[in-house]
Amino acid sequence: MEATKVTVIGAGNVGATVADCVAKKDMVDEVVLIDIVDGLPQGKALDIQESAPIHLFDTRVTGTNTYEATAGSDVCVITAGLARKPGMSRDDLLSKNAEIVRSVTEQFIAHSPNAILIVVSNPLDVMTYVAFATSNFPGHRVMGMAGVLDTARYRAFIAMELGVSVRDIQALLMGGHGDTMVPLPRYTTVAGVPLEQNLEREKIDQIVERTKTGGGEIVQLMGTSAWYAPGAAAAEMVEAIVKDSGRVLPCAARLEGEYGLNDLFIGVPVRLGRRGVEEIIEVELSDDERRLLDTSAEHVRSNLEALQRLQSA
Ligand SMILES: NC(=O)c1ccc[n+]([C@@H]2O[C@H](COP(=O)([O-])OP(=O)(O)OC[C@H]3O[C@@H](n4cnc5c(N)ncnc54)[C@H](O)[C@@H]3O)[C@@H](O)[C@H]2O)c1
């Protein structure tokens with residue numbers, strides 16, 4: 001049987017958590033953590049590896065500062081970049097993180113030309129485009145992680161409000177990662193029963209609002225952005241890919257006409273498998289939902305254009 005290898009670029013808060021979550025799932029042979037800071041990926045990888053006898057996994061976890069050690073990876077999670085500080089919008093990170101994502105993508109693909117890329121660095125939808133354009137990979141092999149996290153937050157808030165298990169909340173959320181994301185209460189159920197039959201409109205609106213600002217809520221609390229839920233979310237995507245499970249998860253995927261949008265990465269429900277994005281699922285949207293998705297897409301596009309302007313200046 002072929003060995004499965006996952007590289008995580010950036011051994012900061014999110015990257016180390018991705019490596020930890022992937023290792024704990026005991027589903028791949030090797031996880032390589034890479035960072036520019038000397039000793040950091042090696043130290044965190046060793047720490048994770050030393051938890052193996054407690055968590056009972058056989059995955060080998062190593063840290064490195066050079067891309068040779070990442071060669072032959074099947075999946076790569078890109079978390080390298082600067083994290084958001086209080087008062088800093090995701091878009092402030094635009095040009096600095098674009099440079100970082102471009103550079104790490106170039107170095108990584110030189111050693112793993114067949115990998116699937118999952119981008120986590122912000123601003124998410126634009127950084128995913130940067131990885132796509134840099135790698136020249138087919139669209140189905142590049143995606144961004146945001147929807148799994150945003151949906152997890154949304155589901156957690158609903159479960160907390162109703163006092164039910166998160167297991168019984170199914171939900172869908174679309175659009176860009178940021179304040180224009182589009183949670184879809186109409187496609188949210190509690191054990192199969194539409195959310196609207198479980199909660200009054202006002203409460204649903206409050207939960208939707210809290211979900212949209214969920215990242216900022218954590219930044220306000222602790223001065224930097226989240227990592228436990230983001231790391232777990234990226235690991236869930238890795239799992240769907242390496243297990244070829246066909247899970248339907250919201251991911252930033254390349255649209256080529258779906259939802260009437262073109263040449264853009266934005267959050268939509270996709271079926272994940274060995275090839276990456278196996279299918280983009282087009283759900284029926286009401287006029288209002290459509291309008292929200294279009295607004296979100298315009299926001300992502302204007303960020304892309306801002307980046308192109310910055311790069312050509
Ligand atoms: N998509 C999401 O839902 C989501 C959620 C949380 C965080 N994020 C984003 O993820 C990124 C990482 O967040 P974090 O909290 O882990 O930040 P962090 O500062 O803890 O870690 C970032 C790491 O990237 C490393 N790095 C920087 N340049 C590099 C390069 N050229 N090559 C390799 N490594 C490099 C840094 O040394 C650092 O260790 C940020 O852009 C953040 O905004 C996205």
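Which residue does the side chain of glutamate 289 meet in a salt bridge? In this predicted model, in which local features need pLDDT of at least 70, side-chain atom pairs count only at pLDDT 80 or more, and totals for chains, interfaces and linings use all residues, the partner is arginine 186, with a distance of 2.7 Å from N to O. Residues are numbered from 1 along each chain as its sequence is written, and side-chain values use heavy atoms, with hydrogens and water left out.

A salt bridge is defined here as a side-chain nitrogen of Lys or Arg within 4 Å of a carboxyl oxygen of Asp or Glu, and the structure holds 17 of them. The bridge between glutamate 289 and arginine 186 links distant parts of the chain, 103 residues apart: glutamate 289 belongs to helix H10 (residues 287–312), whereas arginine 186 sits in the loop between strand S9 (182–183) and strand S10 (189–190). Helices (H or I, at least four residues) and strands (E, at least two) are DSSP runs, numbered from the N terminus. Glutamate 289 counts as buried, at 9% relative accessibility, while arginine 186 is partly exposed, with a relative accessible area of 38%; in these terms, buried means under 20% relative accessible area, exposed over 50%, and partly exposed in between, for a 1.4 Å probe and protein chains only.

A second salt bridge joins arginine 247 to glutamate 236, with the closest N and O atoms 2.7 Å apart. Arginine 247 lies in the loop between helix H9 (228–242) and strand S12 (248–256) and glutamate 236 in helix H9, so the pair ties together parts that are 11 residues apart in sequence. Arginine 247 counts as partly exposed at 37% relative accessibility, and glutamate 236 likewise counts as partly exposed, at 24%. A further bridge is formed by lysine 243 and glutamate 239, whose closest N and O atoms are 2.6 Å apart; here lysine 243 is partly exposed, with a relative accessible area of 48%, whereas glutamate 239 is buried, with a value of 18%. Both residues take part, together with Lys25, in a network of salt bridges.

The nonpolar interior was examined next. A nonpolar core is a set of buried Ala, Val, Leu, Ile, Met, Phe, Trp, Tyr and Cys residues joined through side-chain atoms within 4.5 Å. The largest such core has 86 residues, and those with the most contacts inside it are Ile9, Ile118, Met237, Val238, Val268 and Leu272. H9 gives the most to this core, with 8 residues. When neighbours within four places in sequence are left aside, valine 238 is in contact (heavy atoms within 4.5 Å) with Val6, Val22, Met27, Val75, Val77 and Ile118. A second, separate core of 14 residues includes Ile158, Ala159, Ala171 and Leu195.

Grid points are joined across faces, edges and corners, and a volume is the space filled by probe spheres set on the points. The largest pocket has a volume of about 830 Å³ and is lined by 39 residues, of which Thr79, Ala80, Gly81, Leu82 and Ala83 lie nearest its centre. The largest share of this lining, 5 residues, comes from H4. By class, the lining of the largest pocket divides into 19 nonpolar, 16 polar and 4 charged residues, where Ala, Val, Leu, Ile, Met, Phe, Trp, Tyr, Cys and Pro count as nonpolar, Asp, Glu, Lys and Arg as charged, and the others, Gly among them, as polar.

The second largest pocket has a volume of about 470 Å³. Of the 21 residues that line the second largest pocket, the closest to its centre are Thr151, Arg155, Glu236, Arg247 and Leu249, and Glu236 and Arg247 are also partners in a salt bridge. H9 gives the most to this lining, with 5 residues, and the lining residues divide into 13 nonpolar, 2 polar and 6 charged.

Key:
1 Å grid on protein atoms, 1.4 Å probe; cavity = no way out; pocket = protein on both sides within 12 Å on 5 of 7 lines; lining within 4 Å.
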